[in-house]
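Here is a short report on a protein model. Look over the sequence and structure first, then read on.

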Amino acid sequence: YVRFHLISPLIQQSAENIILFDTFVNILSHNLGEPAYEADVAQLEYKLVAGEYGLIIRVKGFNHKLPLLFQLIIDYLSDFSFTPAVFEMITEQLKKTYYNILIKPETLAKDVRLLILEHGRWSMIDKYQTLMKGLSIDALSAFVAAFKSQLFVEGLVQGNFTS
């Protein structure tokens, strides 16, 4: 089991940054779909999670091939690229996801409660309104470059690994 948390202070600075981060993680997951398929067949699991303060990379499975899968994810992260069609598809998916959260009373109530309790939190309504105003491809490219330049990394490795 390998878990790395790539933390960046950039994410929580604005609602737009949170949306750009969500878009970035979704595009990265989309880009990894085909190359990581063989790892999935070999019973290796990976998950990319857009955490509140950064990207969480979780990888688990047999230890002798786990570093290869982790290296694949890091390679796609460092050489991040996307097409305008993928960008449009992911932003449309995010609009639907945010809207579905807003129409459910229990998730909306949880969001409002956390907005009251946590200092500096952006509400789902703020995120949805910002997303509906539109994002640009240039803004995403600039955000990804800034995100990669301002990272702090925490990691956990468990299992049959040497130091």
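Pro35 sits in the loop that links H1 to helix H2 (37-41). The model is predicted.

Is Pro35 buried, partly exposed or exposed? Its relative accessible area is 29%. Buried would require under 20%, and exposed over 50%, so Pro35 counts as partly exposed.

Contacts of Pro35 reach beyond its own stretch of chain. Leaving aside residues up to four places away in sequence, Pro35 touches Leu72 and Tyr76. Ile73 lies 38 residues from Pro35 along the chain. The C-alpha atoms of Pro35 and Ile73 are 9.5 Å apart.

## Fold and order of elements

The protein has 7 helices and 4 strands. Read from the N terminus, the order is β-α-α-β-β-α-α-α-α-α-β.

How much of the contact set links residues 24 or more positions apart? Among contacts with a separation of 6 or more, such pairs account for 75%.

## Overall dimensions

The C-alpha trace spans about 45 × 35 × 30 Å along its principal axes. For 163 residues, a compact globule would have a radius of gyration near 15 Å. The protein has 17 Å, which agrees with that expectation.

## Surface and burial

Buried residues make up 34% of the 163 residues. The accessible surface of the protein comes to about 9,600 Å². Carbon and sulfur atoms hold 56% of that surface.

## The largest pocket

Rolling a probe the size of a water molecule over the atoms shows where empty space is left. In this model, the largest pocket has a volume of about 570 Å³. Its lining is made up of 24 residues. Closest to the pocket centre are Asp22, Ala50, Arg121, Met124 and Lys127.

Which elements give two or more residues to the lining? They are helix H1 (15-32), strand E2 (45-50), helix H4 (84-102), helix H5 (105-117) and helix H6 (124-133). H1 supplies the largest share, with 5 residues.

## Summary

The loop between H1 and H2 holds Pro35, and H1 gives the largest share of the pocket lining. Pro35 itself is partly exposed and touches Leu72 and Tyr76.

Conventions:
Residues are numbered from 1 along each chain as its sequence is written. This is a predicted model: local features need pLDDT of at least 70, side-chain atom pairs count only at pLDDT 80 or more; totals for chains, interfaces and linings use all residues. Side-chain values use heavy atoms; hydrogens and water are left out. On a 1 Å grid over the protein atoms alone, a cavity is a set of points where a 1.4 Å probe fits but cannot get out, and a pocket is an open set with protein on both sides within 12 Å along at least five of seven lines; lining residues have an atom within 4 Å of a point. Grid points are joined across faces, edges and corners, and a volume is the space filled by probe spheres set on the points. The radius of gyration is taken over C-alpha atoms; the globule rule is 2.2 Å times the number of residues to the power 0.38. Buried means under 20% relative accessible area, exposed over 50%, partly exposed in between (1.4 Å probe, protein chains only). Contact means heavy atoms within 4.5 Å. Accessible areas come from the Shrake-Rupley method with a 1.4 Å probe; for residues, only the protein chains shown count as cover.
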